[in-house]
Amino acid sequence: MEKKEINLALVAARKNSKGVKNKSFLKINNKSILKLAVDKALKSKKIFKVILSSDGQKILDLVPKNKNLIKLKRKKKLSNDKTPMLPVMKDAISNFEKKSNLNFLVKSLIIVDPTSPLRTSNDINKAISLFERKKPD
């Protein structure tokens, strides 16, 4: 059986932001920037599932359950201010593949950064389309 190729989105948020305290809880129009990022990723027609990865339970609880949202409690070793994004990305994909009983192949992982709250789901769709069209290595 051939695996279905999918796009995953990753919203990564640590509980102890170094520069701005409680950054994920900052609000724009009464919505936290974290929830804005998750909502826009969920709204994208080109994203199959969204993974919210955090070491903070309060951050994970900030976003309500959704059938297309996977909440991932990140390990401490992946939650330092010096931890590169690549191991966090690998952890998200690995956890998705372990928990998914279906036959999926992660074609792309789209990083949806909470600190870009003006981005729209349409911006995400356009970026994915551009990426697919240009076929970078």
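Modeller: Two strands pair if DSSP finds at least two bridges between them. This is a predicted model: local features need pLDDT of at least 70, side-chain atom pairs count only at pLDDT 80 or more, and totals for chains, interfaces and linings use all residues. Residues are numbered from 1 along each chain as written, and side-chain values use heavy atoms, without hydrogens or water.

Colleague: What makes E1 and E4 a pair?

Modeller: 5 bridges join them, and they run parallel. The rule asks for at least two, so they pair. Strands (E, at least two residues) and helices (H or I, at least four) are DSSP runs, numbered from the N terminus.

Colleague: Which strands stand at the edges of the sheet, and why?

Modeller: The open sheet has 4 strands in the order E5-E4-E1-E6, with parallel pairing. E5 (69-73) and E6 (104-111) each have a single partner strand, so one side of each lacks a neighbour in the sheet.

Colleague: What joins E4 to E5?

Modeller: 5 bridges join E4 (residues 49-54) to E5, and the two run parallel. Ser 54 has Lys 73 in E5 as its bridge partner. Helix H3 (residues 85-99) packs on this sheet, touching E1 (4-12), E4, E5 and E6; contact means heavy atoms within 4.5 Å.

Colleague: Why is E4 called mostly covered?

Modeller: Buried means under 20% relative accessible area (exposed is over 50%, partly exposed in between; 1.4 Å probe, protein chains only). In E4, 6 of its 6 residues are buried, so by that cut-off each is under 20%. Lys 49, Ile 51 and Ser 53 point one way, and Val 50, Leu 52 and Ser 54 the other. Leu 52 stands opposite Lys 71 in E5.

Conventions
Axes are lines fitted to C-alpha atoms, for helices over the stretch in contact, and angles run from 0 to 180 degrees between N-to-C directions.
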